[in-house]
Every structure is written in C-alpha cells, then in structure tokens.
Amino acid sequence: MTLTQAPSIPSSTPPGVASFLARDHGLLIGGHWRPSRSGHRLVSVNPATGRPLAAIAAADGSDVDDAVAAARAALADPAWRDINPLQRGELLHRLAELVEEHADELALIESLDNGKPVAVARAVDAGTTAKLFRYFAGWPSKFEGSTIPLSPRGGLRVLNYTVHEPIGVVGAIVPWNFPMSMASWKLAPALAMGNTVVLKPAEETSLSTLRLAELIEEAGFPPGVVNVVTGTGATVGHAIAAHPGVDKVAFTGSTEVGRLVTQAALGNLKKVSLELGGKSPHIVLPDADLEAVAAAACDGIFFNQGQTCTAGSRLYVHADIYDDVMSALIDRARRIVVGPGHDPATGMGPLVSAKQLATVTSYLESGLADGAELACGGVRPAGLAGEYADGFFLEPTILTETTHAMRVVQEEIFGPVLVAMRWTDVGDLIDKANDSPYGLSAGLWTNDLTQAHRIAAAIKAGTVWVNCYNLTDPASPFGGYKQSGWGREMGRAVLEQYTETKSVWVNLT
Ligand code: NAD
C-alpha cells in the first residue's frame, strides 16, 4: 500500500515537516534505511481527518532477523563496545540537544500522527524526551559495582567485586499514546548501559520515532546500535519477542499483549520487563480544595484524550462534597475545546484511530446499558465538519451512578471517559480502590497528613500522587503492581533492568 494522495496535513505545516511526511519511510537496519524485504507498506492515518498521513514500511520476520543480526554485530563492534562511559554519556547528551533543537518539528509530527494537541506534544512528548536523554547521559560514568567483604573458610583471602555489563540486544516494543517518549523510556537506559536495540514503534504512530532515529544517527551513535523496524504487532512485535538473538524484551502496551510477549519470550528465556495497563483510582477526601480537585480530576482523565496508562479513570469523591466537586468538574469538562491537534485552541484532540474510538464507544454503551448515567459528553462534538468530518473525535465524557461491578469501572477504557463514585467509609474506599487487576498509579487529595500517609501506604500501586496528579520525572521509579507490569522504568531502578551483574572472585591467598 502506498500513499496515493498528498498527505492529509494542515496548510500551515512547515515545508520541512511536509516533505518528511511525504517520504516513503523505510526501516533503519545496521545504519542503512531501506524498504521491507517484502516491499509491503502500511499507511499511517491523520486521526483528525481520518485520511492518510504517511506511508511506512511493513516489515516481517526476515527484516527482524536482519535487524537482530545488525544489533548483535554492533554489540561486538569496538566502535560501540570499547567507547568509555563518558563517551557514551556524550552521545546521549548530543541526542538530547538534537531533540531540543528539533522539538517543534517533532511535536508537530507527533500531533499530526497521534492526534494530541501540539502544545502537549511539545511540552510533554518532545520536552520529556530531551530531559530523559539528559538524565540518562549522566549514568554510564556513575553506575558502579561494589567491593564485597567476604568470610571464606580455611583462611582463604578473596577479593570479590561486582561489575555491571550490558544485557546485549534489547527488543523494545512500544505503544501509540506517547510514541516517541515511550520509545525513549527504553532507548535511554538501554544505550546508557551499553546495549544495542531493535525498536518497534506502534503501527499507528511510527513517524516521530523514525525522525528520532535520524537524530540518533546524527548524534553519532555507531551503525546498528539502534535499529527501527516498523510494522504490525502480530508480525514484527511477535518476531522480536520470540527471537533467539534478542536477550531482553522491554514492552509497553496492553496487559493482554504483555501476556503474549511474555509467552513468546519463553523460547530463549530472554529477560522481560513490562509496562502495562491501568485503571487508576483518583481519591478525594472531604477536606480537599474543591477547585484544585476539579482541575486535577479533569486533567487526570482528559489529558492526552484519556489515552494515558495512568489516567485517573476511577474518581472516588467523599459524599459530603460529591455534588460540589462533580458540578465543578462537569463544568470544566464541558469547556474543553475538542478539535484537531495542530489548532492552538484545541484542549483535546481526536482519539488515535477509528478502532480506538469504536472500543471507547462500545464501553460507553455497556456502561449505559448497565445503568450508569451520562453526566456530560458521550457524543461526537458538534461543529467539526469539512475536512474534520471523519476525524475520530469524542467529547469529554463523565459517567455517574456507576457501581463497582460494571465493566466501565473494572476495565481500562483508554479514552476520555471518567467513572465517578461517592464514598463514606475509608476502609471500604481502600478496598474498592484496590479491587482491580491493575496497580499502576493512584491520586489522593487531602490536607490531613495522617490520612494521606495511611491511604498512600494502603494503596496497591507503583505510584501514589498526593495533592498532585500525573507527574513523572526521569529520576523517579515508575511501574506497576499486579497486572500493570514487571519491573520499574526511570531512575536508578531501571538500570538493573538493562544490565547483568557479574560477581568476580579473585583468590589472593
Ligand atoms: P498494544 O498492547 O495493543 O500495543 C503495544 C505494542 O505492542 C504495539 O507496538 C503493537 O504493535 C505491539 N503488539 C501488538 N500485538 C503484539 C504481539 N502479539 N506481540 C508483540 N507485540 C505486539 O497497546 P496500545 O493499544 O498500543 O497501547 C495502549 C496500552 O498501553 C494501554 O493498555 C496502556 O495502559 C498501555 N500503556 C502502558 C504504559 C505504562 O507505562 N504502564 C504506558 C503507555 C501505555
């Protein structure tokens, strides 16, 4: 499939971005850009118009074989293997600089491909990507092993020390909600620790990663250190997860696909780390500041069109202030401007794909059939006609009168749909907040210090935000309890996931 018409882009698109989108995008393997072996392509769609945006290569297992071979060769190549930690750090610093220099361009590509408002793509996607590479640029020269005092038998004198070594070839498989940033969450620590990478972006949103790959080359990383293979999950993702030449697979995506990846990885028992779904409780105590809560609850769910793994999608408000919080929140939700991501007035863009819109709509229908009430939204916004008539838009939606057994309360919707519930007893609240297969994150609003710490301790989640929501930082560990994942990203914690620890014993007797 090729792009038979001009890319669906606004007339304001700068020529550099327009010509990037109009290219026939290939695979990056061993430092060369080339089509897939089969010659097949996929079309990436502009979610604001529902029309083709760009053509990308659709790889298959033979391309993955090539990419893994290139990554293995680069691992053994002195150009990568023998550079010192400061030099590895310098490459990552240079990449951070290039991302900063090209941040506007990367943000626009992300916005056109994913649908998100361009200001969000600029601040969150491009901004955090640059910050992430900067943070990890400092680690190669600082992730030290230890010297361990031993107590051997028989008067032996032994020197025992540990060293951290790269795991080898990392297969990275990432989703479409924060495409470039999710790719960088894997790339930055993997490269900092001296690994090589075969990266598969989501088929809906490969473009920012392809542009990032060009910047990786420009930064001076040797050929084959980063390889990008675009295509479908069932073909390319599965081939990476199952490949005997891949030493570790780092996956971010749905819990369902996380299971498939883990099963595929069993053949060579490669290391597996997983960042999966969530259904995060956002909890409001009776003393909380009403306006602050309404603003945070609104942003907590509608940010990124609700397509955020940490979305505060289950709102639990104390009965004493429920009516006031809900009316302030509904008022805010109704004022969000829904439109194409490139329009500076847009607060919420389209969902990423027709498929995702259909999934979210079917959840809405199930909630209403189960007895939930529609407090706002639930429909396509009026007024988006002309070229936006076929875009994947949905108004910010709030369901009330929801009960815990409903599917809309139990399952991850991954769209702009909030379910709201009242609570009165804190023990019951904690039970309900924890009654989920997920455990990624939670939010909590109160000025009662004791309650804040007690509830934070009782919640089974990898992140708990108190009087804030959805903050992340490259220095702070991030990951899920229960079926929200295995392992942690960010901070020192993630370095363990991209290294093997070797214990060396030297007999000094
Ligand atoms: P997805 O699981 O459908 O796809 C994720 C990636 O896996 C894509 O690149 C896809 O092509 C690939 N894939 C699909 N089938 C595969 C298979 N059989 N083998 C190997 N790879 C395969 O997820 P999505 O719809 O792209 O993203 C949404 C999900 O991601 C949500 O559940 C969300 O919560 C989760 N997510 C989690 C985090 C986190 O950090 N915990 C962050 C972002 C998104």
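Modeller: Before we dig in, a salt bridge here is a side-chain nitrogen of Lys or Arg within 4 Å of a carboxyl oxygen of Asp or Glu.

Colleague: Okay, and how many salt bridges does a search of the whole structure find?

Modeller: The search turns up 25 salt bridges. Keep in mind that this is a predicted model, where local features need pLDDT of at least 70, side-chain atom pairs count only at pLDDT 80 or more, and totals for chains, interfaces and linings use all residues. Residues are numbered from 1 along each chain as its sequence is written, and side-chain values use heavy atoms, with hydrogens and water left out.

Colleague: Why would side chains pair up like that?

Modeller: Side chains of opposite charge can pair when their charged atoms come close.

Colleague: Give me an example. What does Arg-41 form a salt bridge with?

Modeller: Its partner is Asp-24, and the closest N and O atoms are 2.7 Å apart. Arg-41 sits in strand β4 (residues 41-46) and Asp-24 in strand β1 (residues 24-25), so this pair ties together parts that are 17 residues apart in sequence. Strands (E, at least two residues) and helices (H or I, at least four) are DSSP runs, numbered from the N terminus.

Colleague: Tell me about α8 then. How many residues does it have, and how far does it reach?

Modeller: Helix α8 covers residues 207-219, so to speak 13 residues, and reaches 19 Å from its first C-alpha to its last, close to the 18 Å expected at 1.5 Å a residue. That expected span is 1.5 Å times one less than the number of residues. The helix is mostly covered, with eleven of its 13 residues buried.

Colleague: Changing topic: where is the chain divided into domains?

Modeller: Domain 1 is 15-276 + 486-502, and domain 2 is 281-474. Those bounds come from an automatic or database domain assignment. The C-alpha centres of the two domains lie 30 Å apart. Their contact (heavy atoms within 4.5 Å) takes 30 residues from domain 1 and 30 residues from domain 2.

Colleague: How much area do domain 1 and domain 2 bury between them?

Modeller: About 2300 Å², with 63% of it on carbon and sulfur atoms. Buried area is the accessible area (1.4 Å probe) that two parts lose on being put together, summed over both. In domain 1, Ala-48, Pro-117 and Trp-176 lose the most area to domain 2, together 23% of what that side buries.

Colleague: How many salt bridges does the rule find across that interface?

Modeller: One salt bridge. Elsewhere in my notes on pairs, Asp-473 and Lys-131 meet through their side chains at 3.6 Å, N to O.

Colleague: Which element gives the most to the side of domain 1 that touches domain 2?

Modeller: α6, with seven residues. The elements giving two or more residues to that side are α5 (103-114) and α6 (118-137).

Colleague: Last one: where is Phe-414 found?

Modeller: Phe-414 is in the loop between α14 (407-410) and β16 (417-423). Its phi is near 60°, a positive value in a residue other than glycine. Phe-414 is buried, with a relative accessible area of 16%. Asn-470 also has a positive phi, near 65°, and that residue lies in the loop between β19 (463-466) and β20 (481-482).

Terms used:
Buried < 20%, exposed > 50% of the residue type's maximum accessible area, 1.4 Å probe, protein only.
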